[in-house]
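Here is a short briefing on one structure. Look over the sequence and the model before reading on.

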Amino acid sequence: MPRNLLHTTAIVDYRGVIASPGAILLEDDTIIQAGTPQEIGRPENASVTQIDKIVTPSFVNTHTHLDLSGAGIVPACSSFFSWVEEVVLPIRKETALIQESVLQGIELLSKGGTSIVGDISGTQEAAMLVQDSSLLATTFIELLGTGTSQKECVEQIQQLPEQFGVEPHSPYSCGLNVFKEAFSSGRPVAMHLAETLEEVEYAKNRSGEMTAFLQRMGAWNEDEKAWGNHPIDVVLNLAGDTPCIAAHLNYIEDAHLQRLAESKMTVAYCPRASAYFGHTGHRWQEMLEAGVHVSIGTDSLLCLDTPDRISVIDELRFLYKRDCPDPLDLLSMGTIHGATALGKDQSLVTLHTGETAGLLAFEVLGGSPLLNILESNEMPEWVHHLI
Ligand SMILES: [Zn+2]
């Protein structure tokens, strides 16, 4: 079997700088060894490729909507509600464009250095396109059902082909029975959770601006009851020990830090999407300190400021500039935390021996290779891509 020996300026993963200069010995999609060029030496049958860049594993996006990639980026609206009504609904009605949008989204993810994705798909057709791509994808079919329409939604979960996960869309668009069925289905489960204050108010008391929004949308169900509690508590009670991915969690209470840390829920924090909708003060660093599993999502292309890519790397750079965090926390969120949340082997996105989901090469700026990754404005190139 031919082997490829990469000689690089440095190699970096979630543990930091593994070696500088660095070397990685590959056999097909498997890392045989990673370390210094001296440690690896010149194994037989290995052709050497010199890469004057910083090489890292590829990244994991735990929450995106590839079928919303067709319209490009869209300026922020005055509110979340007007965004749904004026931007998302018209796209959802253009069903003829789904295939084009998804294929566009897959390409933009790859341009952004992502190999593993959790995609929220509006239709099975969209989900199958993602599954058939070169991405290692977990697809979650979006579900909407409250009140009496929950029955139909529960049947939909029961009848879905085995390869699909499910996404009860949110606490305001899905009733308790839909969440219960999702958690007991044995499928991967994702959701939007604690995204807005209006959602929290709606779950607790079934009042506030969400009520008027649902009425305008024709989605108001008289027979639906208030949950009487914060949606995070209600969903965690229903989830029990079932793993799931919850996007956003922009609005948590102090007691949730401990509860989340003890749960099997992974947070898909979407930093730029949160900022796009004007949410501030996300407690992601406190979550990490408390032991909560926090990964990175991008949400849809619509909310981003990079029309030519959908990239976790941009999210990490955004957080690095804004919140001055530990760079290793960022790399862990963007790689191993996401892989675990999507049921993939962490080693796919590390430089440990074993199969790799892909390798990227970042420009060298000088100084710390770890910081170069976060300080650069350039996207990396793929040096090894899982086909
Ligand atoms: Zn979303």
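Tyr 269 is found in strand 12, residues 265-269 (helices, H or I of at least four residues, and strands, E of at least two, are DSSP runs numbered from the N terminus). Tyr 269 is buried, at 0% relative accessible area (buried is under 20%, exposed over 50%, partly exposed in between, with a 1.4 Å probe and protein chains only). The model is predicted: local features need pLDDT of at least 70, side-chain atom pairs count only at pLDDT 80 or more, and totals for chains, interfaces and linings use all residues. Residues are numbered from 1 along each chain as its sequence is written, and side-chain values use heavy atoms, leaving out hydrogens and water.

**Around Tyr 269**
- Leaving aside neighbours within four places in sequence, Tyr 269 contacts residues including His 282, Trp 284, Leu 319 and Arg 322 (contact means heavy atoms within 4.5 Å).

**Zinc site**
- His 63 (NE2), His 65 (NE2), His 192 (NE2) and Asp 299 (OD) coordinate the zinc ion at 2.1 to 2.3 Å (donors are N, O and S atoms within 2.8 Å of the metal, 3.2 Å for Na, K and Ca; water is not among the atoms, so sites may look incomplete).
- The donor spacing in sequence is H-x1-H-x126-H-x106-D.
- His 192 in strand 10 (190-193) and Asp 299 in the loop between strand 13 (293-296) and helix 13 (312-323) link distant parts of the chain, 107 residues apart.

- His 192 counts as buried at 5% relative accessibility.
- Asp 299 is buried too, at 6%.
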